[in-house]
Amino acid sequence: MKKIIIAPDSFKGSASSLEICHFIERGILKIIKNANIEKIPLADGGEGTVDCILYAVGGNIKKINVKNPKGKIIEAKYGIINKQKAVIEMAQASGLTLISHKKRNPLKYSTYGTGQIIKDALDNNIKEILIGIGGSATNDCGIGMAKALGYRFLDKNNNELEAIAENMIKVASIDKSKVDKRIFDTKITVACDVKNPLYGENGATAVYGRQKGVRKKSFNVLDKGLKNIAKIVKKQLHKEIDYIEGAGAAGGLGGGLIAFCNAELKSGIDAVLDIIEFENKIKGASLIITGEGAIDGQTKEGKVPIGVAKRACNTPVIAIVGELRKGADLVYDLGISSIMPIFTKAMTRKKAITNTGILVENATERALRFINIELK
């Protein structure tokens, strides 16, 4: 019986990675009726990471009340595995989807809620945390998160500042006397899929600020604020976070987690594949089918299909995708044997989203017929 692994990312705006798994499975069964199929829905640190990991390895969901970026109390969830590992999505507490598009103002926002989730994990005796930091609404270098863990940010007169982004530029010192020391006995890995430094022309504010609501008049306050926090972190905590690749992820939360929690940044998909022990799951497989909404020149920079292909252990990998864009051919040198787009004719985006299931199913069937892989 042929063992086939299905390991796609979500098609953002259309279907979750688990739904894509189901659609691909239907296409496979049209061709290989008795296939031994294992579904491994994937994410790279953004929305859906908790659900994907728990699907693969089991575990429990914990729900708690936290503050969203504006300070409103909301319910957020995270995953607990074997009572010792936690999987957290910062977007659950500090995500862009939590804020209405018209009301976005990152100057006033904080990652405090993300810190509350981390603290709850510590209260549950967690020893290892994986935190995905995709989809953020915030731009505060993680000072809100740090505040929830006991750090205090003081101005030049030693008055405590509210831990929101517009106050980064006013911070003169950091008081760490009341920090929850358990954080330093906890292994924290950050699933991060961008390489931006903290500030500057390629930094957090310049590259991702606009989608969060940053305007010209607020740009300097935020960018200089990030630089100021980095300066104080270097002076007091003896860590240089300015130009670390990924420090600018999630509005500087990447750098903040390094500075305040001794975290390690890792490629999002690599972190996820590590925790689910992907190589063990694919042993004996004849074929791996991955996919995502679009493949282009950026896919090679650590997106799900490439992460899967790099760990395929010489098993053929094909990708089912929504779109083929410029630079897609670059992935052929990185372990993907073939790419099958789902469209067979022009259609509106709305119609494509409505018909994602059958489009993915049919594309999978075509791929298996067309590439004619000699399965083991």
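## The sheet

Two strands count as paired if DSSP finds at least two bridges between them. In this predicted model, 6 strands form an open sheet with mixed pairing. The strand order is β3-β4-β5-β6-β9-β10. β3 (60-67) and β10 (264-267) stand at the edges. Each has a single partner strand, so one side of each is left without a neighbour in the sheet. From one strand to the next, the twist averages 30 degrees.

## The β4-β5 pair

Strand β4 (residues 73-81) pairs with strand β5 (residues 85-89) over 3 bridges. The sense is antiparallel. I80 has A86 of β5 as its bridge partner.

## Helices on the sheet

Helix α4 (residues 112-123) packs on the sheet. This helix touches β3, β4, β5 and β6 (128-132). The direction of α4 makes about 135 degrees with that of β3.

Helix α8 also packs on the sheet, touching β6, β9 (187-192) and β10. Its direction makes about 160 degrees with that of β9.

## The α7-α8 contact

Helix α8 (residues 249-261) packs against helix α7 (residues 216-237) as well. The angle is about 10 degrees, and the axes lie 11 Å apart. Angles under 35 degrees count as roughly parallel, so α7 is roughly parallel to α8.

From α7, the contact is made by L226, I229, V233 and L237. From α8 come G251, A259 and F260. By class, the contact has 6 nonpolar residues, 1 polar residue and no charged residues.

Technical notes:
Residues numbered from 1 in each chain as written. Predicted model: local features only at pLDDT ≥ 70, side-chain atom pairs only at ≥ 80, totals over all residues. Heavy atoms only, no water. Axes fitted to C-alpha atoms, helices over the stretch in contact; angles between N-to-C directions. Helix = DSSP H or I, 4+ residues; strand = E, 2+ residues; numbered from the N terminus. Parallel < 35°, antiparallel > 145°, perpendicular 65-115°, else oblique. Contact = heavy atoms within 4.5 Å. Nonpolar A, V, L, I, M, F, W, Y, C, P; charged D, E, K, R; others polar.
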